[in-house]
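My notes follow, in the order I looked things up.

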Amino acid sequence: MNWMKKTALIGTVVLVSGALVYGVSTEEKNKITHEGSAMFFPTSIDFAGEETPLQITDVRERLDRELLINANLDATTLLIIKRANRVFPIIEPILQKYNVPDDFKYLAVIESGLVNAVSPAGARGVWQFMPNTAREMGMEVNDLVDERYHLEKSTEAACKYLLDAKAKFGNWTLAAASYNGGMTGVNKQIEMQKVTNYYDLLLNDETSRYVFRILALKEIMREPAKFGFTFNEQDLYASLPSKKITIDSSITDLATFAKDQGINYKILKIHNPWLRDKKLINPNKKKYELEIPLSGY
């Protein structure tokens, strides 16, 4: 009898507790959870299907830091959301082709803001490859052609790296961390600290923040309204229709070539940023594919 009374009492407490959160108006609930503001914090989150242990105090606080920073970078974060509408449709099918989780598109976000960035160390492009690493991954890098600026080819190279890292570490979270800290660097810390989970490792500040920055941008970009970002569909940057042409000869003057294609030098370079000079000398008759926009100029 006492057992039945205790069970009933517990049930009543649970129901009342639930009512405090779920039995309130949407407006009151949003005040409790901070939904619709930069203070919003998710109840759970994962990277590539691997759960983030928010019950660990420092893990929760590290995610909170990155969410607050990026949710309050109004112009920067909004620009990234606008660019993603154009860039993600190019990245996503390549990730799918290589069986790399879709969440890795947010790695590109934190690496470059989805523009062809140049780091002080010399990393370039959306995926921020260093010259030697890019060449090792099969990309052409020289004064005339730099395929680190070629979104499709650099995404494929990133996929190859991440697959190697996943094979080495056994999970995608450490693979992501190694994109910043290097496979050798991350593995050295795993062996020294005798743990195999990213969230248990003490790493340098940049690598320690790296996955949390990915998680923060993922959460904000997937559900921007929860963090106070509001915009219309037409505010996003649209993909422009284009055609691809293949060339296997030299182009001595890209400005003249652009005019012949019905565009100008600026537009040619915007859509083919991997062309790094005013000409393309091609003595080996290598095949290059150029993108020529059909509108938007």
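**Entry 1: the second largest pocket.** I began with the lining of the second largest pocket, where helix H5 (105-112), helix H8 (172-181) and helix H10 (205-222) each supply at least two residues. My helices (H or I, at least four residues) and strands (E, at least two) are DSSP runs, numbered from the N terminus. This is a predicted model, so to speak of local features I need pLDDT of at least 70, and side-chain atom pairs count only at pLDDT 80 or more, while totals for chains, interfaces and linings use all residues. Residues are numbered from 1 along each chain as its sequence is written, and side-chain values use heavy atoms, with hydrogens and water left out.

I noted a volume of about 480 Å³ for the second largest pocket. It is lined by 19 residues, and Glu111, Ala123, Gln128, Tyr179 and Asn180 are the closest to its centre. A pocket here is an open set of points on a 1 Å grid over the protein atoms alone, where a 1.4 Å probe fits, with protein on both sides within 12 Å along at least five of seven lines; lining residues have an atom within 4 Å of a point. Grid points are joined across faces, edges and corners, and the volume is the space filled by probe spheres set on the points.

By class, I found ten nonpolar, six polar and three charged residues in this lining. Ala, Val, Leu, Ile, Met, Phe, Trp, Tyr, Cys and Pro count as nonpolar, Asp, Glu, Lys and Arg as charged, and the others, Gly among them, as polar.

**Entry 2: the largest pocket.** Next I looked up the largest pocket, with a volume of about 830 Å³. Its lining has 29 residues, and Arg86, Ile90, Ile270, His271 and Glu291 lie nearest the centre. Helix H4 (74-97), helix H7 (151-169), helix H12 (265-271) and strand E4 (288-293) each give at least two residues to this lining. I sorted the lining into 16 nonpolar, seven polar and six charged residues.

**Entry 3: H7 against H8.** How do H7 and H8 pack, and at what angle? Their axes are 8 Å apart, at an angle of about 125 degrees. That makes H7 oblique to H8. The axes are lines fitted to C-alpha atoms over the stretch in contact, and angles run from 0 to 180 degrees between N-to-C directions. Under 35 degrees counts as roughly parallel, over 145 as roughly antiparallel, 65 to 115 as roughly perpendicular and the rest as oblique.

From H7, Ala158, Tyr161, Leu162, Leu163, Ala165, Lys166 and Phe169 meet Trp172, Leu174, Ala175, Ser178 and Tyr179 in H8; contact means heavy atoms within 4.5 Å. I noted ten nonpolar, one polar and one charged residues in this contact.

**Entry 4: H4 against H7.** The axes of H4 and H7 come within 10 Å and cross at roughly 40 degrees. Residues Val87, Ile90, Ile91, Ile94, Leu95 and Lys97 in H4 meet Leu151, Glu152, Thr155, Glu156 and Cys159 in H7. This contact divides into seven nonpolar, one polar and three charged residues.
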